[in-house]
Amino acid sequence: APVGVVGVIGPWNYPLTNSFGDCIPALAAGNAVILKPATLTPMTSMLMAEGLRECGLPEDVFGVAVGEGSSIGNALIDAVDFVIFTGSTEVGKKVMMRAAETLTPTAMELGGKDPMIVLEDANLARAANAADHYSMQNGGQTCISVERVYVEEPVYDDFVARVTEKMRALRQGVPGGPAQVDVGAMTSPDQTDLVEEQVNDAVSHGARAVVGGHRGAGPGDFFEPTLLLDVDHSMEAMTEETFGPTLPVMKVADVDEAVRLANDSPYGLQASVWTKDVERGEQIARRIEAGVVCVNDAQ
């Protein structure tokens, strides 16, 4: 049933699917929608509005509100009947506080620190491929990226060797054409700074960056694909959302330690379990405190 006017506040990392994507069910249910795109990425939403008008969508059914985050966002929240927000946990709290003033209902997808658990009976080739891909795609700037890995001790060295080889082969830089690079740039200097701070914090606490670990060569805001070993939960790279091309891998004694560490987090967006025993994998998945848990896949 339609509620009236739905306000959608979108993120910068996927300015089409994670912004207009939330507008689709709201429009289909009979609501009018106002989309506030992220300040960094307004053009995609504006182009979508132009396209919908050309397709015959009635005026004022779909609008785009462009401008500085807090002022435009607060005005939008105050005016609508339902708020959909995708973004950081920090900003999500502010959205919820503002919506509470008018008792406006909300739906949110917030930050993630998605754990990957690799058991000793896992298909290590598949798990290593997935660790590289799901930690690096879109430069690691995905809410449900693999952001930390727990590997059972008997297969830790083998897994790390496979991931290291694959990550060292990744190509990064300014592309001169299709399929010339594997990992692109960061979206903003601020995000690059955050990734650099987390990597430096990990290294200062005893971690080793066996691949990458530094800002990439310009032009552009690049950070090297980075593999961190000897990590633990004293490091921000294992406990705070990174949103960049890093992969910290931690050795664990058994699955119980892996589950305990996976749940040692304020986040609970997505997780994955890797094992050839699918039934056991599903049992372990149910012990992880996350909205979605995959077995032998991610995202």
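Partly exposed means a relative accessible area between the buried limit, under 20%, and the exposed limit, over 50%. Arg162 has a relative accessible area of 31%, so Arg162 is partly exposed. Asp158, at 36%, is partly exposed too. This is a predicted model.

The side chains of Asp158 and Arg162 form a salt bridge, 2.9 Å from N to O. Both residues sit in helix α6, 4 residues apart, or about one turn of the helix.

## Packing of α5 and α6

Helix α5 (residues 124-136) packs on helix α6 (residues 153-168) at an angle of about 50°. Their axes are 9 Å apart. The two helices are therefore oblique to each other. Their crossing is right-handed.

From α5, the contact residues include Leu124, Ala128 and Met136. From α6, they include Asp158, Phe159 and Arg162. By class, the contact has 10 nonpolar, 1 polar and 4 charged residues.

Arg98 lies in helix α4 (residues 89-100) and Asp78 in helix α3 (residues 69-79), 20 residues apart. Arg98 is partly exposed at 26%, and Asp78 is partly exposed at 37%.

Arg215 and Asp193 also meet in a salt bridge, at 2.0 Å from N to O. Arg215 is in the loop between β8 (208-211) and β9 (226-229), while Asp193 is in helix α7 (residues 189-204). They are 22 residues apart. Arg215 is partly exposed at 32%, and Asp193 is partly exposed at 31%. Shared partners join Asp193, Glu196 and Arg215 into one salt-bridge network.

Terms used
Residues numbered from 1 in each chain as written. Predicted model: local features only at pLDDT ≥ 70, side-chain atom pairs only at ≥ 80, totals over all residues. Heavy atoms only, no water. Axes fitted to C-alpha atoms, helices over the stretch in contact; angles between N-to-C directions. Parallel < 35°, antiparallel > 145°, perpendicular 65-115°, else oblique. Left-handed = near helix turned anticlockwise from the far one by under 90°. Contact = heavy atoms within 4.5 Å. Nonpolar A, V, L, I, M, F, W, Y, C, P; charged D, E, K, R; others polar. Buried < 20%, exposed > 50% of the residue type's maximum accessible area, 1.4 Å probe, protein only. Salt bridge = Lys/Arg side-chain N within 4 Å of Asp/Glu carboxyl O.
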